[in-house]
Amino acid sequence: MYSLPSLKRLNMSENEITELSSAMEQWQKLETLNLSHNKLTSLPASLCKISTLRRLYVNDNRLDFEGIPSGIGKLGSLENFSAANNQLEMIPEGLCRCGSLKKLNLSSNRLITLPDTIHLINDLVAVDLRNNPDLIMPPKPAEMTRGAGLEFYNIDFSLQNQLRLAGANVPVPTPAQNPSKDPIARKMRLRRGRRDHEEADQDQAKILKGMKDIAKEKNLSMQADDPKAESLKPKRWDETLEKPPLDYSEFFEDDAGQVPGLTIWEIENFLPNRIDEVAYGKFYEGDCYIVLKTTQEENELLNWEIYFWIGEKAPLDKRACSAIHAVNLRNYLGAQCRTIREEQGDESEEFLNLFDTQITYIEGGRTCSGFFTVEDNIFETRFYRSHAAGPSIHLEPVAVCVESLDPRFVFILDTGMKIFIWNGKKAKNTLKSKSRLLCEKINKNERKNKAELITESMGNETREFWVALGEPEGAPPEEPLQEHVDSDFVPVPPRLYQIQLGMGYLELPQVEVPHGKLVNKLLNSKNVYILDCYLDVFVWIGKKSTRLVNAAAVKLCEELFNMIDRPDYAVVTRVREGTEPQGRSTMDSVYILDHLTRNELRKKGGRIMCALFVDFRAAFDKVDRVKMFECMRERERGISEWLVRKIEEIYARTRNKVKVGEKEGEWYYIFKCKFIGWDEVIAVDFTRTAESVQKTGADLTKWARQQETKHDLTALFTPRQPPMPLTEAQQLMEEWNEDLEVMEALVLEGKKFVRLPEEELGHFYSMDCYVFLCRYWMPIDDESDGVEQASDADDFHCVVYFWQGREASNMGWLTFTNKKT
């Protein structure tokens with residue numbers, strides 16, 4: 001690893017590293033070094049020779065004051081230094097001489113104080129000193145002290161120190177002696193002094209030469225920093241471009257492109273979003289993707305290939321963002337390659353060879369567009385028979401035909417923007433009212449009050465009703481309607497399944513419904529459920545569920561749907577929590593304009609053209625589209641017939657699957673009706689029937705008084721009771737455990753439950769799992785002759801308790817359930 005001179009980012013966190021080699025000075029291009037969560041006690045001094053280092057993370061180690069090299073101030077490019085959760089009492093003063101330091105994190109240490117020069121770091125933006133209880137901040141230096149110049153930093157200007165810095169020999173100072181009057185000694189002293197002067201002159205020449213070299217370098221750097229005089233000659237367009245100051249880490253992960261293999265991002269709301277490996281090679285026609293191929297050469301250098309794939313029906317924002325973020329990814333990695341554009345149906349062989357299997361196209365789009373889209377849903381015709389079910393009603397799907405009608409019931413024919421309510425002659429008035437209220441709720445919550453509710457009475461049906469029911473001529477049937485529904489009809493009880501991830505496989509356990517009543521509290525936002533009602537199968541996807549489970553939910557639902565024979569009118573519906581299911585709609589005006597422009601450019605050989613298209617349907621919801629096209633065909637409008645026909649063709653043929661808004665979907669209310677107490681048709685049912693009178697009584701006033709809740713708030717203001725004495729607590733425990741004969745405690749170690757030592761009984765650890773086998777004595781009285789004749793086996797009752805710590809893994813519960821007998 002030390003033989004990689006071009007290494008820029010290195011992440012060695014979450015390891016057991018205790019020391020580093022001094023050979024790390026060979027990383028002369030390293031910018032980011034992450035050594036967090038290790039066992040380092042010191043950093044090598046060679047770290048200070050990496051002048052390009054900008055970010056250094058040493059969190060969660062064992063560093064103290066001596067563990068940080070004193071020459072850390074030589075890191076002039078250091079911007080972020082993080083050493084949280086260590087054992088630092090002080091920090092070296094050299095750290096405060098890093099002129100580019102912006103972020104300093106020293107939280108959770110043993111700091112006593114900081115160097116005074118901490119106040120002189122001008123570019124410092126954020127300092128984190130939390131969890132240092134003994135820290136005393138140094139006083140801020142006065143302006144005169146701060147302005148004392150280089151003396152504040154204790155810089156030595158003596159001749160010996162300058163000679164030592166220049167690399168010259170420093171003469172050893174001789175102790176002062178009394179001058180001798182001996183002439184020979186005087187001559188020797190003069191000769192030695194002349195020789196010393198010559199050596200001093202040579203040393204001074206070296207010092208002057210070094211000072212001149214330093215001055216030259218300083219002048220050159222100042223000339224490079226000074227802005228050059230602007231030339232009067234105009235610059236080319238490519239010379240005026242500047243690299244934007246973007247932080248690419250906000251778009252891509254730190255490990256992006258650092259491991260050989262394939263990485264794919266999808267564009268969602270203008271930003272790249274990394275997808276799971278199971279979805280590689282499956283592209284939606286309405287989405288765009290960024291594909292990164294990372295390879296490693298023999299010299300351990302990384303090479304990158306960047307592609308951005310554009311779906312055929314992708315909107316304009318996803319197309320543009322995929323190209324932009326592909327360039328951002330290249331800048332983030334510092335790659336020299338170019339970004340390659342790939343379009344659906346016209347992929348290159350290099351791109352296809354990236355995947356092990358053949359790529360597949362999926363109709364529609366999975367991610368949200370950044371633009372607002374306007375859609376017209378195409379609804380599937382459904383036919384329901386209403387049955388009374390408490391304050392609500394039960395909708396039983398039936399075949400869309402005349403033979404499904406029964407004079408004793410109310411039927412609802414949903415065609416989308418028109419909802420027919422057919423009332424049989426023998427149907428109860430309460431059932432008619434509830435069915436009408438249900439249709440009004442569907443119209444208000446799902447159709448935005450744009451649907452038309454039409455009430456049809458038996459014998460007085462309109463022609464439109466019979467046409468919607470499958471009669472092409474719109475005539476009523478010649479034969480009278482028969483009462484074919486069984487009077488004792490009971491709906492098929494729904495079954496609720498939860499999709500779970502097992503040990504390498506998918507599980508579909510059935511959810512236990514308490515008392516056989518389906519309530520919406522059984523649905524958890526983190527899970528995915530399948531509700532099987534025989535004629536209706538719903539896939540309910542929670543907001544916080546994982547993508548892998550979401551992808552497997554539809555496949556499992558189809559297999560469950562095909563396991564048993566179902567009628568042709570049985571359907572599978574996907575319902576997202578709080579969102580609208582995917583429907584088919586016309587594309588937004590951006591895609592229509594793009595579609596027209598591409599056709600025209602293809603015909604005219606790529607010549608430049610200008611196009612303008614206004615989507616009247618999106619601008620004015622109340623405009624009649626037929627009249628709109630008639631107005632466009634008028635001569636004074638100046639619109640050619642060809643353009644009008646093109647617009648009609650786009651509106652008639654262009655379809656796409658989209659997801660819109662945060663509102664409940666087309667079949668979401670039908671799904672709610674399967675649950676008791678979830679948005680009932682009538683919140684309080686005042687219908688008086690024989691069953692309700694028997695349950696509540698004839699006097700409603702008396703029944704209402706019994707339902708009143710009495711609140712006693714005295715307990716909130718009473719003083720807290722004193723703690724129970726130890727002797728009383730032990731006595732109470734003995735009374736409670738009087739029937740307990742034997743208790744055996746086990747603890748999970750590895751993959752087996754072993755016996756818990758007696759000295760640890762009563763101590764629970766949050767990362768462990770325990771099993772308690774308790775045997776209670778249960779006396780059984782025999783009423784015959786007052787004699788107890790129960791067998792020994794009947795006198796004892798065994799109970800197994802499983803205790804799981806909050807931080808323990810689920811393997812304990814799986815081991816317990818698999819091994820229990």
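Reader: Over residues 580-592, where pLDDT stays under 50, how many contacts beyond four places in sequence does the model have?

Author: This is a predicted model, and the protein averages a pLDDT of 76, with 73% of the residues scoring at least 70. Where pLDDT is low, the predicted coordinates should not be read in detail. Another such stretch, residues 615-622, also stays under 50 and has 9 contacts beyond four places in sequence. For residues 580-592, the number of contacts beyond four places in sequence is 48.

Reader: What share of the contacts in the protein with a separation of 6 or more comes from residues 24 or more positions apart?

Author: The protein contains 18 helices and 29 strands, and buried residues make up 34% of its 821 residues. Among the contacts with a separation of 6 or more, the share from residues 24 or more positions apart is 57%.

Reader: Which strands stand at the edges of the open sheet formed by 6 strands, each with a single partner strand?

Author: The 6 strands of this open sheet are paired in parallel, in the order β1-β2-β3-β4-β5-β6. Each edge strand has a single partner, so one side of it is left without a neighbour in the sheet. The twist from one strand to the next averages 5 degrees. The strands at the edges are β1 (9-11) and β6 (126-128).

Reader: Which residue in β6 is the bridge partner of Leu104?

Author: Strand β5, residues 103-105, runs parallel to β6 and is joined to it by 3 bridges. Within β6, the bridge partner of Leu104 is Val127.

Reader: Is Asn131 buried or exposed?

Author: Most residues other than glycine have a negative phi. Asn131, however, has a positive phi of about 60 degrees and is found in the loop between β6 and α1 (143-146). Asn85, in the loop between β4 and β5, likewise has a positive phi, near 60 degrees, but counts as partly exposed at 36% relative accessibility. Since exposed means over 50% relative accessible area and the value for Asn131 is 57%, Asn131 is exposed.

Reader: How many of the residues of strand β22 are buried?

Author: In a regular strand the side chains alternate between the two faces of the sheet. In β22, Asp536, Phe538 and Trp540 point one way, while Val537, Val539 and Ile541 point the other way, and all are buried. Strand β22 (residues 536-541) is therefore largely enclosed by the rest of the structure, the count of buried residues being 6 of the 6.

Reader: Which residue in β23 is the bridge partner of Val539?

Author: Strand β22 pairs with β21 (residues 528-532) in the antiparallel sense over 5 bridges, and in that pairing Ile530 stands opposite Val539. The hairpin of β21 and β22 has 3 residues between the strands, and Tyr534 in the turn has a positive phi of about 70 degrees. With strand β23 (residues 571-576), in contrast, β22 pairs in the parallel sense over 6 bridges. In β23, the bridge partner of Val539 is Arg574.

Reader: Turning to the rings, over the face of which residue does Arg9 lie?

Author: A search of the whole structure finds 21 aromatic pairs, and one aromatic cluster is formed by Phe283, Tyr289, Tyr307, Trp309, Phe351, Phe355 and Tyr361. Charged groups also sit over rings, as with Arg385, whose charged end is 5.8 Å from the ring centre of Phe409. Arg9 lies 4.9 Å from a ring centre, over the face of Tyr332.

How values were computed:
Residues numbered from 1 in each chain as written. Predicted model: local features only at pLDDT ≥ 70, side-chain atom pairs only at ≥ 80, totals over all residues. Heavy atoms only, no water. Pairing = 2+ DSSP bridges. Helix = DSSP H or I, 4+ residues; strand = E, 2+ residues; numbered from the N terminus. Axes fitted to C-alpha atoms, helices over the stretch in contact; angles between N-to-C directions. pLDDT = per-residue confidence, 0-100. Contact = heavy atoms within 4.5 Å. Phe/Tyr/Trp six-rings, centres within 6.5 Å; stacked < 30°, edge-to-face > 60°. Lys NZ or Arg CZ within 6 Å of the ring centre and 35° of its normal. Buried < 20%, exposed > 50% of the residue type's maximum accessible area, 1.4 Å probe, protein only.
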